[in-house]
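Have the model open in your viewer and keep the selection tool at hand. We will go from one stop to the next, and at each one you will hear what to select and what is there.

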Amino acid sequence: MAIVTISTSNSRPPPINEATLIGWMRMHLFSSPLNSILTILTTYIIYLTVSGVWVWGVVDAIWIADTRRECFDINISGACWAGVSAWMENIFYGRYPREEIWRIDFGLFLLFLWMAPLWMPRVRGKVIIGMTTVFLYPFLAGYLFSGGDKGIFMSVMVSAAIVGIIANTLNATLGVLADRSLSNFVNNKLGFGNAPEEKQQKVFLIFLAVCFVLAYIWQSGWQAEIVSWTKWGGLFLTLVISGIGIASALPGGIILAMGRRSKLPVIRVLSTAFIELFRSVPLITVLFMATTMFPLFMPEGVVLNKLVQVIIAVCLFNACYMAETVRAGLQAIPKGQAEGAHTIGLGYWGTMGLIVMPQALKHMIPNIVGSFMGLLKDTTLVSIIGLFDILGMLRSISRDTPWLGLHKEPLVFGAMLFFIICFAMSKYSRHLEAKLSTGHKV
Amino acid sequence: MKITTLLTSVAAVAVMVLTGGTSVYAESTLDIVKKRGHLRCQVGQPSPGYYNLDADGNWYGLDVATCRAVAAAIFGDANKVEIQSVSSQMRFTALANGESDLLSRTATWTLSRDTQLGLDFLQPNFYDGQGFTVRKDSGITSALQLKGAKVCVLTGTTTELNLADYSRANNLNISAVTFEDFNVRDETYLNGGCDSTTGDKSSMAGNLAAFPVPSDHIILPETLSKEPLAPAVRHGDSQWRDVVAWSVFAMINAEELGISSSNVDDMRANSDNVSVRRMLGVEGNLEKGLGLSKDWAYNIIKLVGNYGENYEAYMGHGKLGIGIDRAGSANALWTNGGLMYSPPMR
């Protein structure tokens with residue numbers, strides 16, 4: 001005999017500790033006398049800290065003043081943000097000539113323009129977009145920032161980058177609006193819409209070559225005013241050094257990691273030695289070596305650009321760390337994957353590029369982004385060797401006569417800036433992880 | 001910092017071995033600078049009064065004025081100078097390996113530095129000395145009363161060593177609390193972490209002026225050390241040495257003769273004083289041996305000013321000054337009882 005009810009029974013109210021705030025608090029914060037005491041104590045400590053910072057940084061703070069003495073006269077115990085805001089241009093752009101600052105902003109805008117299509121659906125050729133960002137954009141930006149006489153090499157690279165940015169933007173627009181690629185569009189317009197793919201590719205390349213010639217002629221007509229690297233500084237310099245470091249660390253790391261796992265003894269030994277050498281010295285030592293020792297080995301009178309030395313040092317150093325991260329990812333891929341790839345006839349590069357590396361890199365995203373953030377923060381070491389990166393600028397405020405002794409506020413501001421940048425990177429890496437759906441979702 | 005210190009020593013020794021302690025170049029520095037079109041002048045990381053960045057990214061300060069004076073003497077344009085900021089561990093290496101033409105920063109002229117590092121110190125442009133700051137309400141009026149006191153001091157400087165020497169010589173039993181950054185040192189002192197701070201008197205005067213209530217603190221009268229701060233050049237290039245040394249002398253001499261940036265044009269046109277006429281290039285040929293143009297000293301005074309003007313602007317009570325009184329100190333002119341003295345320019 002079965003007991004059957006016709007109507008569903010009335011649902012019971014949820015447990016009190018999940019329905020109301022008070023219930024939740026009783027359950028989680030005041031479940032025992034000890035927990036109650038701890039809760040009250042912790043709340044009190046949090047209150048003290050937050051209210052102290054709040055009163056110092058906001059309530060008592062002075063936002064407009066000409067000198068630190070004026071801040072003291074208004075309120076002796078508040079933060080003096082006026083000093084930070086007076087130095088804002090130095091903090092962001094360093095000693096870059098004020099009337100040329102638009103070049104930095106424009107360079108940053110170009111980077112966004114270049115990379116934005118990577119996040120857009122329906123855009124074709126994302127691999128090429130990514131590659132050109134790494135190999136063409138730096139030359140255009142580099143020339144934009146430093147200016148001066150281009151020379152043949154720079155002329156060619158700048159023209160190529162101009163063609164790249166225009167083609168990239170058109171391609172993205174066409175992709176989003178009409179769901180087609182630029183190559184396809186050009187071929188249709190020129191009447192090769194039904195030609196075989198190979199021919200279409202050729203037509204598109206010729207089209208790009210024509211654009212290149214036009215760009216070359218156009219760019220030879222103007223020249224940006226020269227800005228010495230000694231005037232670069234602030235957040236701009238930090239981003240230049242860490243940006244180049246980040247862009248080169250991954251490819252360099254992949255090559256070194258593959259070299260270390262290579263079956264060829266010479267390559268293996270060289271890669272291992274290189275990695276171990278750079279990993280076992282502190283970054284500051286590498287920087288000092290690059291700036292003091294290196295010039296001694298140069299011919300008489302040759303003075304190398306200190307910024308270039310620093311960038312090379314940062315790149316080498318971080319490639320080594322990245323190599324070990326990548327190698328850890330490679331170790332995690334079961335041997336069966338490579339063997340499977342061999343059975344379907346893939347060679348070494350095919351196996352690595354199509355089967356092993358994509359899986360390994362996907363697994364290593366948290367680590368890779370972690371070392372990128374480390375790299376960004378490590379670059380502040382260059383302030384020790386006399387470059388005015390963001391930390392150097394922040395520390396200089398306390399030496400400027402009108403703001404003498406103002407050192408807490410700039411550092412708090414710097415901490416907030418770094419938090420924003422690093423948190424954004426971290427969020428983006430979580431987004432990438434979710435998109436590539438690695439890991440085991442709970 | 002141990003590693004950097006070690007590395008600096010290695011680098012400095014390597015420079016000496018490679019260059020034999022003499023000039024890197026066979027060509028004279030003056031010719032190289034003229035050919036390059038600008039002067040490379042080394043200062044340190046910003047230090048109040050001597051070399052600072054302002055909010056627009058320009059350098060200013062007493063030592064920066066020396067850089068600009070040399071550039072004015074050579075090019076007739078005080079802006080043809082690239083200011084290099086080099087950390088103090090690397091300062092002598094950067095001069096020795098030719099990165100800088102001239103070192104114009106708070107480097108104390110000592111015998112061992114002058115003789116062992118392959119460089120020549122020139123006329124000091126500031127005489128400093130170490131002293132103590134204490135709170136006024138502590139009732140201390142002399143450094144000899146600091147028995148058993150906790151004193152805040154910057155680490156890795158001669159200040160720290162001088163303090164230990166002074167404590168031992170006077171049996172004071174001072175315990176030193178060391179810091180890397182003067183801001184943290186002062187913050188600790190202000191919050192009661194030590195009874196006194198010690199440092200060069202000039203920089204302490206500047207820091208003290210920036211305390212919330214400056215009148216609560218005093219600098220004690222005792223001076224522990226002699227710190228003649230002088231520009232330096234590479235050893236073995238006499239012509240370049242002369243150019244830099246006489247650029248500094250020209251500023252001092254101009255003050256003595258009463259020539260300033262505001263009246264220099266008038267003086268050149270109308271002065272009957274033969275010393276003034278000779279210095280400004282109206283008479284004689286002082287520029288011959290220096291390898292400069294006839295109006296080199298005129299350019300210095302016109303574009304940078306005399307020593308007194310620069311002292312007032314950056315060390316004294318000018319808008320960007322850190323408020324150190326000049327009268328009665330070693331930095332007054334010799335005619336006022338100080339040590340600022342230029343050999344005759346004739």
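Begin with chain B and colour its two domains: 8 residues of domain 1 of chain B are in contact with 6 residues of domain 2 of chain B (two residues are in contact if their C-beta atoms, placed from the backbone, lie within 7 Å). On the domain 1 side of chain B, the residues touching domain 2 of chain B are 5 nonpolar, 3 polar and no charged; here Ala, Val, Leu, Ile, Met, Phe, Trp, Tyr, Cys and Pro count as nonpolar, Asp, Glu, Lys and Arg as charged, and the others, Gly among them, as polar.

A word on what you are viewing: this is a predicted model, in which local features need pLDDT of at least 70 and side-chain atom pairs count only at pLDDT 80 or more, while totals for chains, interfaces and linings use all residues. Residues are numbered from 1 along each chain as its sequence is written, and chains are lettered from A and ligands numbered from 1 in the order in which they are written.

To colour the domains, select 2-127 + 229-336 for domain 1 of chain B and 130-225 for domain 2 of chain B; such bounds come from an automatic or database domain assignment. The centres of these two domains of chain B, taken over C-alpha atoms, are 30 Å apart.

Next, select the open sheet of chain B, whose 5 strands follow the order 10-9-11-8-12 with mixed pairing. Strands pair if DSSP finds at least two bridges between them; helices (H or I, at least four residues) and strands (E, at least two) are DSSP runs, numbered from the N terminus. At the edges are strand 10 (175-179) and strand 12 (217-219) of chain B, each pairing on one side only. Neighbouring strands of this sheet are turned by 30 degrees against each other on average, direction ignored.

Zoom in on strand 8 (residues 130-135) of chain B, which runs antiparallel to strand 12 of chain B and is joined to it by 3 bridges.

Helix 7 (residues 182-190) of chain B lies across strand 9, strand 10 and strand 11 of chain B, at about 165 degrees to strand 9 of chain B. Angles run from 0 to 180 degrees between N-to-C directions, and axes are lines fitted to C-alpha atoms, for helices over the stretch in contact.

Then move to helix 3 (residues 62-75) and helix 12 (residues 296-303) of chain B: their axes come within 8 Å and cross at roughly 140 degrees. Helix 3 of chain B and helix 12 of chain B are therefore oblique to each other (under 35 degrees is roughly parallel, over 145 roughly antiparallel, 65 to 115 roughly perpendicular and the rest oblique). Show B:A69, B:A72 and B:A73 of helix 3 of chain B with B:W296, B:N299, B:I300 and B:L303 of helix 12 of chain B to see the contact.

For the last stop, switch to chain A. Helix 9 (residues 137-146) and helix 10 (residues 151-178) of chain A pack at about 115 degrees, with axes 8 Å apart, which makes helix 9 of chain A roughly perpendicular to helix 10 of chain A. Select A:Y137, A:F139, A:L140 and A:Y143 in helix 9 of chain A, which meet A:M154, A:M157, A:V158, A:A161 and A:I162 in helix 10 of chain A.
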